[in-house]
Amino acid sequence: MPPNIKVYRVHRLLAALYGLLGLAISGAVAFGSGKDSVLAALPVLLVFGVICAMHGFTARAARKGTAGGRTASRAIAILMLLGFPIGTLIGAYLLFNSRDWPKPDEPLSREAKLDF
């Protein structure tokens, strides 16, 4: 499997994880006790929404194999290295797989096409 597809899968998974986590936390804050709890959920939803979108856009660019996708993936991976221990493992995996990309116009192998 090409390394950009591996990176795509990780970013897609992280986008879904951050999206669901943001919805769960903001829902817990919004339905908590207090009259201003709905307004308190908006910053949580905004932060997790930005992180989710960032991973989503990076996943799309990584799937295409663009240089921007590689750069964004490496930047996110470096930030994830600070999240010990799980973030460190994910960040190292992303850095390892983003070291060499296929050319964007290079056709995918049969296995990579079936892997989507």
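Start by selecting leucine 94: leaving aside neighbours within four places in sequence, Leu94 is in contact (heavy atoms within 4.5 Å) with Val7, Val10, His11, Ser73, Ala77 and Met80. Keep in mind that this is a predicted model, where local features need pLDDT of at least 70, side-chain atom pairs count only at pLDDT 80 or more, and totals for chains, interfaces and linings use all residues. Numbering starts from 1 along each chain as its sequence is written, and side-chain values use heavy atoms, with hydrogens and water left out.

Colour by helix (DSSP runs of H or I, at least four residues, numbered from the N terminus).

Now show H3 (residues 67-80) and H4 (residues 86-97). Their axes, lines fitted to C-alpha atoms over the stretch in contact, with angles running from 0 to 180 degrees between N-to-C directions, come within 7 Å and cross at roughly 155°. That makes H3 roughly antiparallel to H4, the word for angles over 145 degrees. Pick out Ser73, Arg74, Ala77, Ile78 and Met80 in H3, which meet Gly87, Thr88, Ile90, Gly91, Leu94 and Leu95 in H4. By type, the residues of this H3 and H4 contact divide into 6 nonpolar, 4 polar and 1 charged. For these classes, Ala, Val, Leu, Ile, Met, Phe, Trp, Tyr, Cys and Pro are nonpolar, Asp, Glu, Lys and Arg are charged, and the others, Gly among them, are polar.

The peptide bond from phenylalanine 84 to proline 85 is cis, with omega near -5°.

Last stop: H1 against H4. These axes come within 9 Å and cross at roughly 150°, and H1 and H4 are therefore roughly antiparallel to each other. Select Pro3, Lys6, Val7, Val10, His11 and Leu14 of H1 together with Ile90, Tyr93, Leu94 and Asn97 of H4 to see the contact. The residues of the H1 and H4 contact divide into 7 nonpolar, 2 polar and 1 charged.

Terms used:
Helices (H or I, at least four residues) and strands (E, at least two) are DSSP runs, numbered from the N terminus. Angles under 35 degrees count as roughly parallel, over 145 as roughly antiparallel, 65 to 115 as roughly perpendicular and the rest as oblique.
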